[in-house]
Amino acid sequence: MQMFSFEQRKLIAQLERDMKKLGLTVDYSKIATDQYIEFEAEGYNRIVVWLLNGCFLSLSLSNNPQFAKVAPKVLYIANKFMENYRKIDMEVTA
């Protein structure tokens, strides 16, 4: 299991706050073992941010009009998080 640096933990906490503001629930149950955070909206739409192998997204989206309203913001926030996380990850491993 990877230990997260202070900067990585700060980014993860900010990601959680941003996603909660958009109405998504946050599941950290797999962060210690499989190193991913899962965000879900109304049981239909799932966004998984994998923190290993370069940090990437996995999406499971349905055609839900409620989620469609926030989806661009969710993806923007997740993308910015991944960019910042990769920068920090490269600094930590260098």
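User: In which sense do β1 and strand β2 pair, and over how many bridges?

Analyst: This is a predicted model. Strands of a sheet pair through backbone hydrogen bonds, either parallel or antiparallel. Here β1 and strand β2 (residues 36-41) run antiparallel, paired over 3 bridges. Take threonine 25: its bridge partner in β2 is glutamate 40.

User: What is the strand order of the open sheet?

Analyst: The order is β1-β2-β3-β4, 4 strands with antiparallel pairing. β1 (25-27) and β4 (56-60) stand at the edges. Each has a single partner strand, so one side of each lacks a neighbour in the sheet. From one strand to the next, the twist averages 20 degrees.

User: Which strands does α1 touch?

Analyst: Helix α1 packs on the sheet and touches β1, β2 and β3 (45-50). The directions of α1 and β2 make an angle of about 10 degrees.

User: Is glutamine 8 buried or exposed?

Analyst: Buried means under 20% relative accessible area. Glutamine 8 has 0% relative accessibility, so it counts as buried. Glutamine 8 sits in helix α1 (residues 6-21). A polar atom of its side chain lies 2.8 Å from the backbone nitrogen of serine 5.

User: Which residues does phenylalanine 67 touch, leaving out those up to four places away in sequence?

Analyst: They are Leu24, Ala41, Asn45, Ile47, Leu61 and Val74. Phenylalanine 67 belongs to helix α2 (residues 65-93). It counts as buried because its relative accessibility is 5%.

User: How far apart in space are phenylalanine 67 and methionine 90?

Analyst: They are 33 Å apart, C-alpha to C-alpha, with a sequence separation of 23 residues.

Key
Residues numbered from 1 in each chain as written. Predicted model: local features only at pLDDT ≥ 70, side-chain atom pairs only at ≥ 80, totals over all residues. Heavy atoms only, no water. Helix = DSSP H or I, 4+ residues; strand = E, 2+ residues; numbered from the N terminus. Buried < 20%, exposed > 50% of the residue type's maximum accessible area, 1.4 Å probe, protein only. Polar contact = N/O pair within 3.5 Å; in protein donor to acceptor, adjacent residues only side chain to side chain. Pairing = 2+ DSSP bridges. Axes fitted to C-alpha atoms, helices over the stretch in contact; angles between N-to-C directions. Contact = heavy atoms within 4.5 Å.
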